Amino acid sequence: MEDYNNTNPNGNQQPNQTQYGYQQPNQTQYGYQQPNQTQYNYQQSNQTQYNYQQSNQTQYNYQQPNQTQYNYQQPNQAQYGYQQPDQTQYNYQPVNQKKNKPGNSGGPKKKTGLIIAIIVIFAVLIIGAGGTAAYFYMNEKKNKDAASTTASEFMKAYGSQDMNNLQGCFPKRLKKEDEIEEFTDETRYDGVKYFGYTIKDIEVTDAEKYSVETAEKDVSDAYKKQLDVKSAYSVSVKYTETYEKDGETVENTLTDNVICGKIDDQWYVLDPALISKKNQIVADFDKEADDGQSKDVVEKLMTCFAESDLDGMDECFASAIRDAVSTKDSKEALTEDFGKLNEYGITVTVGEYSVSKPEDYEVREAKDSVKKVYGIEPDFDKCRKFTVDYSVTIEVDGESTSKDATAEFTCGKEDDNWHIYNSNIIADYNALFSDTIEAKETEKDEEEVRATINGFVESLALLDIETVKSYMPDAVLNNDDISSTLDKLESQKAQLDSYGAVRNLDSIDIGDLTKENTGALMIEVMLGYENSVLYIEKAYSTTVTFGLSISLNGRTESDVITSDMICAKIDGKWYILQASVVEDE
């Protein structure tokens with residue numbers, strides 16, 4: 001092994017300095033030494049030691065006062081010396097070159113090993129710094145891309161009402177927060193679905209670093225939960241929202257800044273302000289949808305009401321209200337009245353109606369109100385109140401009259417459907433034309449009552465006892481006093497007939513008819529006719545005056561009889577229930 005020391009042949013050495021030499025096997029050793037330095041030789045076997053100097057080089061010395069002079073010499077080059085007083089001269093000379101020949105003095109030359117080592121160290125530092133910078137750059141780019149993807153997926157799930165993916169956008173510790181649960185509750189999106197709300201053309205336009213401390217504080221202030229956020233970004237997402245309203249498609253281009261944070265190597269949405277904003281949007285859509293859907297039910301009922309479509313009206317009522325006794329009774333009465341309208345030739349037309357804006361109705365108060373009337377407590381979770389103004393035109397016998405009316409509706413949402421929870425309008429509607437029907441019906445009843453009384457009196461004047469009996473109900477005929485009176489009249493008729501006498505009804509005057517209380521009359525009948533029970537539908541009382549005459553052998557005698565009568569309708573037929581008759585003969 002050859003031994004090369006680190007001393008420059010040209011004496012390139014400075015005082016009081018340390019010389020470092022480093023050599024590895026089969027490698028070139030670079031030595032750098034200045035005078036009066038401590039020399040360290042690091043030499044391994046099979047190494048070659050080189051001194052940085054080339055022979056036959058021109059050495060350039062440039063030196064200013066109190067400065068270091070650097071000499072660099074290559075073979076066969078002329079040496080130029082630029083030297084000023086009090087300067088230190090440094091010679092840089094490549095190794096593995098020939099030494100200067102005698103007379104070719106280049107001045108003192110030194111070893112360059114230390115400089116090479118320093119250069120290598122700087123290179124390592126630069127390369128290390130560059131690698132670290134590249135690592136951080138790539139890591140932040142990865143975080144930025146992950147945050148952008150999270151924000152984009154969040155907007156996509158929100159726009160398509162994808163509740164599973166929407167829930168996955170939030171850390172587990174926040175999923176049970178009221179605001180988050182509301183935001184990810186599928187039932188709360190009925191409103192946006194009602195309007196056909198969608199989001200399209202989602203585009204991330206920017207993503208900027210966001211303060212981790214601020215992100216953690218925002219979550220802590222909003223939800224009282226502490227999260228360990230590793231990194232955070234504010235991601236700008238541009239999108240277009242569309243929905244149908246009033247028969248038109250609405251499009252709005254919007255941009256949201258979504259704060260996303262990294263927790264346990266996963267990226268989530270950490271943006272209480274945005275969630276509150278989106279929750280309010282959902283709530284607004286829900287309210288509009290509830291207002292619209294509840295109003296739709298009222299308008300459907302009014303349409304069926306105008307068309308006398310009772311089955312269609314039934315569909316608008318909640319099942320509990322539809323099956324209630326009061327509702328059934330009202331509907332039965334209305335059905336009956338519809339038949340009477342046709343019978344009497346009465347036309348009823350529901351004119352234009354106006355439905356008020358929906359009013360929020362406190363759920364507890366609304367339930368108590370329904371329970372009070374119908375005896376059941378409904379299970380609706382939302383409630384609205386409406387007022388409807390409408391008009392009804394009634395035409396009878398070529399004359400028409402109009403009436404204005406107001407109906408109030410209680411609407412509740414139960415099992416995702418809106419229904420009406422009061423049936424007042426059926427009874428109210430019935431009342432609008434009930435007076436007309438009653439007047440027409442009274443007119444008809446009075447005609448039938450007068451015809452019944454007239455027939456009864458005529459058969460009585462003619463002593464047609466069988467016909468007289470046909471005008472009396474069995475409960476009256478079975479009465480002993482009535483039966484005895486009829487037997488007496490029948491005997492009298494036989495006697496008159498044997499004489500050849502002829503009886504005539506000369507006149508009949510039926511006074512004003514007075515409508516009787518059927519309940520009181522039934523009790524009176526029950527007491528007066530040996531506990532006979534009769535279901536009396538209607539009854540009228542009046543005073544009848546009629547004149548009778550009897551002709552026998554050319555002689556005629558006349559008499560005027562006054563009778564108080566009650567005519568009652570039983571099982572759809574009119575009967576003489578009571579007749580006080582006083583006869584002279």
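I count a residue as buried under 20% relative accessible area, as exposed over 50%, and as partly exposed in between. I am working on a predicted model.

**Lys295**

I looked up Lys295 first. I find Lys295 in helix α6. Setting aside neighbours within four places in sequence, I noted contacts of Lys295 with Val355 and Phe386. I also took the C-alpha separation of Lys295 and Lys385, which is 9.4 Å; the two lie 90 residues apart along the chain.

**Helix α6**

I then checked the helix itself. Helix α6 covers residues 272-306, 35 residues in total. From first C-alpha to last I get 50 Å, close to the 51 Å expected at 1.5 Å a residue. Just after α6, I noted a positive phi of about 55 degrees at Ser308.

**Surface patch**

Next I looked at a nonpolar patch on the surface. I list Ile523, Met526, Leu527 and Val533 as its members, and together they have about 410 Å² of accessible area. I place Ile523 in helix α15, residues 518-528.

**Whole protein**

Last, I recorded the totals. I count 15 helices and 22 strands. The protein has 585 residues, of which 41% count as buried. Its accessible surface comes to about 31,500 Å², with 46% belonging to carbon and sulfur atoms. Among contacts with a separation of 6 or more, I find that 61% join residues 24 or more positions apart.

How values were computed: Residues numbered from 1 in each chain as written. Predicted model: local features only at pLDDT ≥ 70, side-chain atom pairs only at ≥ 80, totals over all residues. Heavy atoms only, no water. Helix = DSSP H or I, 4+ residues; strand = E, 2+ residues; numbered from the N terminus. Expected span 1.5 Å × (residues − 1). Patch = residues over 30% accessible without salt bridge, like charges linked within 9 Å, V, L, I, M, F, W, Y side chains within 5 Å. Areas by Shrake-Rupley, 256 points an atom, 1.4 Å probe, with all protein chains shown as cover. Salt bridge = Lys/Arg side-chain N within 4 Å of Asp/Glu carboxyl O. Buried < 20%, exposed > 50% of the residue type's maximum accessible area, 1.4 Å probe, protein only. Contact = heavy atoms within 4.5 Å.
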